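Here is a short report on a single protein model. It covers aromatic pairs, helix packing and the sheet.

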Amino acid sequence: MDTDTVVRSTRRLALRLQSLLLLLGLGALAQSALAINVAFDGSCATQADRTAVSNAVAVATTWSSNAYNQVNNNEAAFRNNQNLAYRTWFGTFNQDRYQRVRAVLDGVRFKLNSGSTLTAYCRVNPNDPCDAAGDIAATFVNVRGDVEAWFCTAFFALPPRVGFDTQAGSVVHELTHSIGHTDDIAGGYGVAGAQNLAANRPSDAVENADNYEYYAEDLYD
């Protein structure tokens, strides 16, 4: 049996397991059955780095799923501008902007629960894409649908999951780029910049990766 056949068979089995678990009402187990697989390049040479990346991806998986559910299930509250977190990071309600936010979060949470592979590269500074001061991470989705992710040296100095600008939040941020085609909007970088976009330029806020990161982090602070 060749490798492609094994991969297809494994994914078919996982899909059947997911369906069975959903029928049994075990949604969380169904989700984890197809969690993204983290593989490490040789540059991730230490157990500490591998653990940091694995934990960040796992938390980002939970955060993106919960952020999507929060948006998807509360349109009425958002429509009446009753949800502070949504208003803080994406501004007052507008149907088109709301649909954009939901679509971006849906894409990220789907990828992190797709059974695809995320290949991690660690501390590749000063090589691209970690060649500029302040670079934290980058992601790319290849033609197979798998993710390549670079975790620069600065990533490992971030707090894992508490507060803003966390390791887990950085994974969400980067995946909104590669999956949702968000940008780093001028004037919208950092907490104050992202909040300013939401208050004054909400059409830019829903295109800005930091706003998605901070929304996800804000829900779990």
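Phe78 counts as buried, at 1% relative accessibility. Buried means under 20% relative accessible area, exposed over 50% and partly exposed in between, with a 1.4 Å probe and protein chains only. Tyr98 is buried as well, at 0%. The ring centres of Phe78 and Tyr98 lie 6.3 Å apart and their planes stand at 65°, so the pair is edge-to-face. Rings of Phe, Tyr and Trp (its six-membered ring) pair if their centres lie within 6.5 Å; planes under 30 degrees apart are stacked, over 60 edge-to-face, and the rest tilted. Phe78 sits in helix H4 (residues 75–79) and Tyr98 in helix H6 (residues 95–112), 20 residues apart. Helices (H or I, at least four residues) and strands (E, at least two) are DSSP runs, numbered from the N terminus.

## Basis of the model

The model is predicted: local features need pLDDT of at least 70, side-chain atom pairs count only at pLDDT 80 or more, and totals for chains, interfaces and linings use all residues. Residues are numbered from 1 along each chain as its sequence is written, and side-chain values use heavy atoms, with hydrogens and water left out.

## The aromatic cluster

The whole structure holds 14 aromatic pairs. One of them joins Phe90 and Tyr212: the centres are 5.0 Å apart and the planes at 55°, so the pair is tilted. Phe90 belongs to helix H5 (residues 84–90) and Tyr212 to helix H10, so this pair ties together parts 122 residues apart in sequence. Phe90 is buried, with a relative accessible area of 1%. Tyr212 is buried at 0%.

Ring pairs link Phe78, Tyr86, Phe90, Phe93, Tyr98, Tyr212 and Tyr215 into a cluster.

Among the buried ones are Asp210, Asn211, Glu213 and Glu217.

The axes of H7 and H10 come within 8 Å and cross at roughly 140°. Axes are lines fitted to C-alpha atoms, for helices over the stretch in contact; angles run from 0 to 180 degrees between N-to-C directions. H7 contributes Gly169, Ser170, Val172, His173, Thr176 and His177, while H10 contributes Ala209, Asp210, Tyr212, Glu213 and Glu217. Contact means heavy atoms within 4.5 Å. These residues divide into 3 nonpolar, 5 polar and 3 charged. Ala, Val, Leu, Ile, Met, Phe, Trp, Tyr, Cys and Pro count as nonpolar, Asp, Glu, Lys and Arg as charged, and the others, Gly among them, as polar.

## Gln167 in H7

Gln167 lies in helix H7 (residues 167–178). Gln167 is buried, with a relative accessible area of 5%. Leaving out residues up to four places away in sequence, Gln167 touches Ala52, Ala56, Phe155, Phe156, Leu158, Pro159 and Pro160.

## The sheet and the helices across it

An open sheet of 4 strands runs in the order S1-S2-S4-S3, with mixed pairing. Two strands pair if DSSP finds at least two bridges between them. Strands S1 (37–40) and S3 (137–141) stand at the edges with a single partner each, so one side of each has no neighbour in the sheet. The twist averages 20° from one strand to the next.

S1 and S2 (residues 117–122) run parallel, joined by 4 bridges. Ala39 stands opposite Thr119 in S2. Helix H3 (residues 47–72) lies across S1, S2 and S4 (147–151), at about 155° to S1. H7 lies across S3 and S4, at about 40° to S3.
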